[in-house]
Amino acid sequence: MHMKTVLILLVLALATIFALVCVLLTRGKAPSTCQHQPPEEEDPDDSQSLVFADLTPEELAQVVRYLQGNLGVQLVDASRAKPSDNCIASVDVQVPAKAEVLRFLDGGGARPRREALAVLYFGNQPDPNVTEYVVGPLPTPVYHRDVTVQKYGGKVPYHRRPALAVEYKQLAGFLKSQVFPTAPSFMRQVMEYDGANLATLTAAPRGFQSGDRITWFVLFQNVSGFFVHPVGLEVLVDHSSLDISRWAVSRVFYNGQYYRDMVQLESAYVQGRISVEKVRKAPRDGDFSSMKPRAPAAALLPLQYEPQGPRYSVRNNHVLFQAWSFAFGMSVTTGLRLFDIRHKGERVAYEISVQEALSVYGSNCPGGMSTRYMDGSFGIGRYTSPLVRGVDCPYLATYLDVHYLAHSQVSRVSKNALCIFEQNLGSPLRRHYSNLQSLYYGGLVNSALVVRSIATVGNYDYVWDFIFYQNGAIEGKVQATGYASSSFLHGDGLRYGNRVWEHTLGTVHTHSINYKVDLDVGGVKNSLVAHDMAFEMTRAPWSPEQQIERPRLTKKVLDTEDQAAFRLQSKMPRYVYFAANSKNKWGHQRGYRIQITSSAGDHIPEASSMERAISWARYQLAVTRRKEEEPTSTSIYNQNDPWTPTVAFADFINNETITNE
């Protein structure tokens with residue numbers, strides 16, 4: 001080969017390598033305020049989308065300063081507050097009323113005031129309670145109004161408050177300093193307790209009736225993946241008193257037996273009256289629970305690439321992708337949510353958001369058998385975790401930070417907590433290979449845009465995806481990974497799960513996920529239509545003596561909420577869709593089909609005293625009339641008082657008309 005040709009090829013190769021390195025480095029940087037935007041795409045709606053935007057760190061700080069100076073009470077930083085203190089539990093954006101937003105987006109109306117919703121715990125007053133304030137206007141607030149009674153019909157009793165992170169620290173300190181020392185021989189010889197080698201996991205709800213705040217704490221070896229290393233000891237703590245010095249142990253469980261307290265357990269142990277199951281000490285990496293790879297990768301995994309850069313754009317909280325556009329946000333309690341979703345410039349949904357993640361456990365240990373986790377109470381958005389490039393999302397995805405304020409008076413940031421990427425789905429959107437009459441092939445590459453966050457709530461990592469397809473479909477999808485929650489294996493434990501280690505029972509449990517979907521197909525006035533199929537007998541016109549069973553379409557408009565509430569395990573119509581008042585050029589109503597691809601197992605019996613708190617889980621689909629006073633299907637206060645739920649979704653379904661609503 002000619003030397004000049006070789007040099008030219010080397011230069012081109014170096015230039016190519018340099019360009020690729022630049023792309024990887026620039027795409028690998030932390031998110032900046034200047035997001036990528038293909039030059040040929042214009043985004044006229046990016047400033048309008050800010051009506052839905054999360055609060056900035058500056059806005060969060062302004063709200064805190066305003067509340068500290070204008071409530072007339074001392075506010076303690078929630079990160080160090082005692083139950084008897086007043087504190088700010090959380091601050092989030094207050095999304096304006098839908099009618100007001102639509103006037104702004106569609107009718108040229110004024111931009112709605114930007115406001116915050118602050119949740120405050122008032123423990124230092126004669127009538128302790130939880131109060132919610134709307135604070136505004138931002139960025140410089142001058143007013144606040146109490147919306148608690150308006151939202152919930154009365155004050156929120158103090159015992160319903162979600163536990164702050166500091167309360168768990170106080171409970172851990174109580175166990176370490178007040179409880180474990182009362183059983184010194186048992187803790188030293190059986191648990192090999194050194195003050196740091198045990199971890200606790202809370203059960204919830206906390207008791208059996210309204211007003212209770214009595215929690216089982218399950219003990220595990222404090223190693224990597226401790227969730228699957230139970231040691232057989234569980235302690236029931238009554239922490240209902242606002243005076244920490246009055247907290248007390250109500251019961252103790254060890255290896256299938258119950259004791260009044262740790263003193264009684266110690267006495268029984270010293271006297272040799274208990275059956276001891278010594279758990280083999282696990283190494284710090286957890287052994288079988290370690291996240292370390294068991295073997296080196298045999299070869300590099302395949303990677304995605306974008307030959308001409310991303311085909312989507314992100315500005316502020318607004319995304320453009322092909323025919324799609326939408327705004328996104330992250331609720332501190334419920335996590336990822338989308339607003340003003342449009343296809344070809346026309347709004348198809350006003351809001352699509354996560355509402356709740358519920359897990360109901362079974363076990364023959366008290367902590368496991370009493371657990372019904374309602375993760376919104378713990379904070380799905382608060383526990384949104386940083387995403388690892390190339391593992392949690394493709395390497396070339398766009399990564400965005402999330403700012404939130406919860407359990408502290410200072411905002412925090414989750415770096416790279418949200419990712420957006422286009423994904424080749426590996427199968428054609430449509431194709432046909434013709435080998436009849438004529439020979440030809442036609443096919444379209446299938447890709448979709450994915451918006452993803454991952455929330456690590458205790459042992460579970462929930463991978464939340466909203467997926468936008470080229471054919472106009474939208475999918476909400478969640479995957480659960482992380483660790484199983486476990487109990488200590490004893491007695492008839494195998495009735496409630498499977499053995500996964502020497503003393504570890506992987507317990508049976510359910511997962512139920514609730515979404516809110518506010519569809520606006522061709523406008524805000526829609527109808528719910530059910531299409532199905534039925535067979536009819538007919539005589540063959542060309543041979544009347546013969547019969548044919550032919551399928552035909554059936555159609556029914558579901559007029560009321562009761563008709564549109566489909567119970568779990570019940571048969572749904574083949575097609576359920578939201579129909580617009582307008583028709584397409586063929587005379588059919590335009591619409592969006594609702595397709596449920598998976599459904600939870602059995603729901604907790606409705607006779608249960610706590611079922612109304614999770615009554616949304618009765619249904620695989622329920623369509624209700626939209627009301628501003630019914631913004632969510634549940635409440636963060638339901639977890640700690642499910643017996644008198646602050647919000648009961650079942651109350652929303654009262655046979656109101658939903659046609660053209």
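The structure holds 26 aromatic pairs. Rings of Phe, Tyr and Trp (its six-membered ring) pair if their centres lie within 6.5 Å; planes under 30 degrees apart count as stacked, over 60 as edge-to-face and the rest as tilted. This is a predicted model: local features need pLDDT of at least 70, side-chain atom pairs count only at pLDDT 80 or more, and totals for chains, interfaces and linings use all residues. Residues are numbered from 1 along each chain as its sequence is written, and side-chain values use heavy atoms, with hydrogens and water left out.

| Pair | Centre to centre | Angle between planes | Class |
|---|---|---|---|
| Phe 122 and Tyr 133 | 6.4 Å | 85° | edge-to-face |
| Phe 466 and Tyr 515 | 6.2 Å | 70° | edge-to-face |

Phe 122 lies in strand S2 (residues 115-122) and Tyr 133 in strand S3 (residues 129-136), 11 residues apart. Strands (E, at least two residues) and helices (H or I, at least four) are DSSP runs, numbered from the N terminus. Both Phe 122 and Tyr 133 are buried. Buried means under 20% relative accessible area, exposed over 50%, partly exposed in between (1.4 Å probe, protein chains only).

The other pair links strand S22 (residues 460-469), which holds Phe 466, to strand S27 (residues 509-519), which holds Tyr 515. Phe 466 is buried, at 2% relative accessible area. Tyr 515 is partly exposed, at 26%.

### Disulfide

A search of the whole structure finds one disulfide, defined as a pair of cysteine sulfur atoms within 2.5 Å. Cys 393 and Cys 419 form it, with sulfur atoms 2.1 Å apart. The link is left-handed, with -75° about the S-S bond. Cys 393 sits in the loop between helix H9 (375-378) and strand S17 (398-406); Cys 419 sits in strand S18 (residues 412-424). Cys 393 counts as buried because its relative accessibility is 3%. Cys 419 is buried too, at 0%.

### Sheet

Four strands form an open sheet in the order S29-S28-S31-S32, with antiparallel pairing. Two strands pair if DSSP finds at least two bridges between them. Strand S29 (543-558) and strand S32 (589-594) are the edges, each pairing on one side only. Strand S31 (residues 575-583) and S32 pair over five bridges. Lys 583 stands opposite Gln 589 in S32.
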